[in-house]
Amino acid sequence: MATAFRSPPHHRIRPPHEYHLDQRAADRLLTDVTALAESGVRPAEPEFYDRHWLDLELLPVGLRDFLWRFRMTESHAACVIRGLPVGDAETPPHWNVSHFQDRNLVEDTILALCAMCVGDPFARAGTQNGRMVQNILPTSLDRRDLHTECGSHTDYLAFLAMGECSAALASARDLDLDDPTRETLAQPRFRFSDGPAAVLSGDPADPYLRLDRCLPVDPEARLALDHLLASLDRLRPDVVLDAGSLLLLDNYRVAHGRLAGPWLKRITISRNLRRTPRGRIL
């Protein structure tokens, strides 16, 4: 029997939750993380995340609390942290240019520590050779349709802007759909890479969203998916990120589209690595 999904009585678009790091806190963070980076750490390697849990204390207490609350309460589909220290680095011509890969250890470490506050970072062996911190460049910003990240292991995505960037987001909480459409989307009538599943799931009043390359299995499911995509497209405001802004997405709550800008760094995060038999590299 289908779950009865109800449209919210007051439809509105909710902006990402924001945390602003003041200059004094940013300077202290830069000093502390620079010392850690100079000790030879490599956030692009999985061993970093098993050895450096105690270094979460390098992040300001208020920032750690903000990130932990984002994870524990699920009160927002996305959040932005502004004011993180980043250098004026040259954009690499390609993610795989070797002499660029260790030029931003401070920025990589800050991103890694923030990611560890909400879960367990991991990577896929087929994505940028399994690097834990990935470089997203203009040549690779080619997916413009709104989607969630594929794979059930991805709970969060963290992006650190190395220059002024923007991202198109649309939250499942803001969907404006009639009840029959929601009920169809809540049934396993959509084919994903790992088999049939629903597009909407969980709490009917506050559903989770899955939208990674799915195919409807019948005409009614196709119509419902078309309505969903149209609703998401109407919601897709651009979130502007300046250099030093970190965008954190709940992959079960928000779809993202184009990521426009010169350069972002990305980490994928799981809430529970026990679901993955191969550790941090899948």
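Leaving aside its neighbours within four places in sequence, with which residues is Arg210 in contact? Contact here means heavy atoms within 4.5 Å. Under that condition, Arg210 touches Thr148, Phe192, Asp194, Ala197, Ala198 and Val199.

The model is predicted, so local features need pLDDT of at least 70 and side-chain atom pairs count only at pLDDT 80 or more, while totals for chains, interfaces and linings use all residues. Residues are numbered from 1 along each chain as its sequence is written, and side-chain values use heavy atoms, with hydrogens and water left out.

Arg210 is placed in the loop between strand E10 (208-209) and E11; strands (E, at least two residues) and helices (H or I, at least four) are DSSP runs numbered from the N terminus. The side chains of Arg210 and Asp212 are joined by a polar contact of 3.1 Å, a term for a pair of N or O atoms within 3.5 Å, of which, within protein, one must be able to donate a hydrogen and the other to accept it, and residues adjacent in sequence count only if both atoms are side-chain atoms.

E11 belongs to an open, antiparallel sheet of three strands ordered E8-E7-E11; strands pair if DSSP finds at least two bridges between them. Phe190 has Pro216 in E11 as its bridge partner.

| Strand | Residues |
|---|---|
| E8, edge | 195-197 |
| E7, two bridges to E11 | 190-192 |
| E11, edge | 215-216 |
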